[in-house]
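Me: I'd like to learn how to read a fold from its coordinates. Can we go through one together?

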Amino acid sequence: MLDRLNQAMEHIEHRLDQPIDAADLARIAVTSEYHFRRLFSALAGMPLSEYVRRRRLTVAGAEVLGGERTLLEIAVRYGYTSGEAFARAFRAVHGVGPGEARRRGATLRSQPRMSFRLIVEGSSSMEYKVVEKDEFRVVGRKARVPLVHEGPNPAIAAFIREIGQETLRRIESLSDQEPEGIVSASDDLHDSRAEGTELDYYHGVVTRAAVPEDMDALTVRAGTWAVFESSGPFPQTLQHLWRDVFTQWFPSNPYRSRPGPEILRTRLSQDGTEANAELWIPVERTVV
């Protein structure tokens, strides 16, 4: 998988002055566009579109300093419709406009070319299972919240506090299958998975029971799920589990993510500092 992903990265380098289609990159990596975007963001730490933008402006910066083309020629070469649009993007990355950079030979910032490799340390193992589930619903309460990669998510914490204990008990009573009890489900995330982008967050249970009128429901189609278990400090263990699934498990296993909610079952210690987590990711086998 990583060899094919690096072939896609090489394709980007050869087309920095041309349109780059994520679907073409996914075909080179022999995966779906959905999974390619997810995997890239996890491995690179930034969305695919942001990496391409930074690489283009890095190469454009060298041409600005080289002085062989006019600034407008460089702008058009790298996909900008006007000199003004190019200047804004250039300043956002380099901290100085292209005209000023050319006049005084400014020091510019560089986005290095990326390639990926899997480092196997062997110090820990990842516990997982693959299961098939029929169609089900996540039933509970729903909120639109921002994505937070590190540390507590204040929006989610405030939302859960507002639900109330009585409502939580009613929700929990609807649980009738795995993962059992109260879970959180994240759905309709932005392709980039960038910090601050929004998602639908459900605090509820997995069930086939009828949906009460005062509750929200998400219908989830039948399919295959990879289930991962982890334990440790809260919330870092949960956030690192997501990261490790995409940076370690997917590159070395014959599966890819598919559209659908990601479901997390968490059990906290009495003081709230430790967590046992079970993460359900919708997957499908890769076609070789």
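Me: Which residues of the largest nonpolar core touch the most other members?

Reply: First, a caveat: this is a predicted model, where local features need pLDDT of at least 70, side-chain atom pairs count only at pLDDT 80 or more, and totals for chains, interfaces and linings use all residues. Residues are numbered from 1 along each chain as its sequence is written, and side-chain values use heavy atoms, with hydrogens and water left out. In soluble globular proteins, nonpolar side chains tend to be buried together. A nonpolar core here is a set of buried Ala, Val, Leu, Ile, Met, Phe, Trp, Tyr and Cys residues joined through side-chain atoms within 4.5 Å; buried means under 20% relative accessible area, with a 1.4 Å probe and protein chains only. Ile12, Phe36, Leu48, Phe116 and Phe250 touch the most other members of this 35-residue core. Elements giving two or more residues to it include helix 1 (2–14), helix 4 (48–66) and strand 9 (274–285) (helices are DSSP runs of H or I, at least four residues, and strands are E runs of at least two, numbered from the N terminus).

Me: What does Leu48 touch?

Reply: Contact means heavy atoms within 4.5 Å. Leaving out residues up to four places away in sequence, Leu48 touches Ile12, Ala22, Leu25, Phe36, Arg37, Phe40 and Ser41.

Me: Is Thr207 buried or exposed?

Reply: Thr207 counts as buried because its relative accessibility is 1%. This residue sits in strand 4. A polar atom of its side chain lies 2.8 Å from the backbone oxygen of Leu174, and one lies 2.8 Å from the backbone nitrogen of Ala209.

Me: And which side chain makes a polar contact with that of Tyr255?

Reply: A polar contact is a pair of N or O atoms within 3.5 Å; within protein, one must be able to donate a hydrogen and the other to accept it, and residues adjacent in sequence count only if both atoms are side-chain atoms. For Tyr255 the partner is the side chain of Arg285, at 3.3 Å. Tyr255 lies in strand 7 (residues 255–257) and counts as buried, because its relative accessibility is 13%. The C-alpha atoms of Tyr255 and Thr31 are separated by 9.4 Å, though the two residues are 224 apart along the chain.

Conventions:
Buried means under 20% relative accessible area, exposed over 50%, partly exposed in between (1.4 Å probe, protein chains only).
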